[in-house]
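Student: Could we look at a structure together and work through some questions about it?
Tutor: Gladly! Here it is.

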Amino acid sequence: MSESPFNYELLTQWYEEYGYELLSKAMELAAKAEAKGVKYLESVLLNWSRMAVKTVEDASPLEQQRKARQRKPANQTNWSTAKRDIVPDWYMKQKSQPVKQKTETEEEKRRKAAEADRMLEEYLKKGEE
């Protein structure tokens, strides 16, 4: 957590609202989650508040439930939220083939350059009108 005046005010407010033990436990959880800033800490405290947690002992069953959800085996994944990495065969085949470079003759290059010059000249004339 950064040591900004705002964060200091938040911590002071939470200390007054939740007390030393709950705030310390929430900070421990945030540190274990390697959370940066105060968002994670705030969400833990708000969740506990919604669940009427008043002591560290009240928070223990919630923490155990959270850990159990994180340990859920892959075969029990909720398909509506699971990431699916589906790559079509045609894409893989196309990606594995070397990119073919089209070679232009000098005449084609001169013709394209002349056309670009003509278009630029035409554009500039319209701007003068």
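Student: Is Glu-34 buried or exposed?
Tutor: Happy to start there, keeping in mind that this is a predicted model. Residues over 50% relative accessible area count as exposed. Glu-34 has 65% relative accessibility, so this residue is exposed.

Student: Where is Glu-34, and what is its phi?
Tutor: Glu-34 sits in the loop between α1 and α2. Most residues other than glycine have a negative phi. Although Glu-34 is not a glycine, its phi is positive, at about 55 degrees.

Student: Which loop holds Ala-52, and what is the phi of Ala-52?
Tutor: Ala-52 lies in the loop between α2 and α3. This residue is not a glycine either, yet Ala-52 has a positive phi of about 60 degrees.

Student: Which element gives the most residues to the largest nonpolar core?
Tutor: That core has 16 residues, and Trp-14, Leu-22 and Ala-26 are among those that touch the most other members. Two or more residues come from each of α1 (5-32), α2 (39-50) and α3 (56-70). The top contributor, with 7 residues, is α1.

Student: Which residues does Ala-26 contact, leaving aside its neighbours within four places in sequence?
Tutor: Ala-26 is one of the core members that touch the most others, as are Leu-41, Leu-45 and Trp-48. With those sequence neighbours set aside, the contacts of Ala-26 are Leu-41, Val-44, Leu-45 and Trp-48.

How values were computed. Residues are numbered from 1 along each chain as its sequence is written. This is a predicted model: local features need pLDDT of at least 70, side-chain atom pairs count only at pLDDT 80 or more; totals for chains, interfaces and linings use all residues. Side-chain values use heavy atoms; hydrogens and water are left out. A nonpolar core is a set of buried Ala, Val, Leu, Ile, Met, Phe, Trp, Tyr and Cys residues joined through side-chain atoms within 4.5 Å. Buried means under 20% relative accessible area, exposed over 50%, partly exposed in between (1.4 Å probe, protein chains only). Helices (H or I, at least four residues) and strands (E, at least two) are DSSP runs, numbered from the N terminus. Contact means heavy atoms within 4.5 Å.
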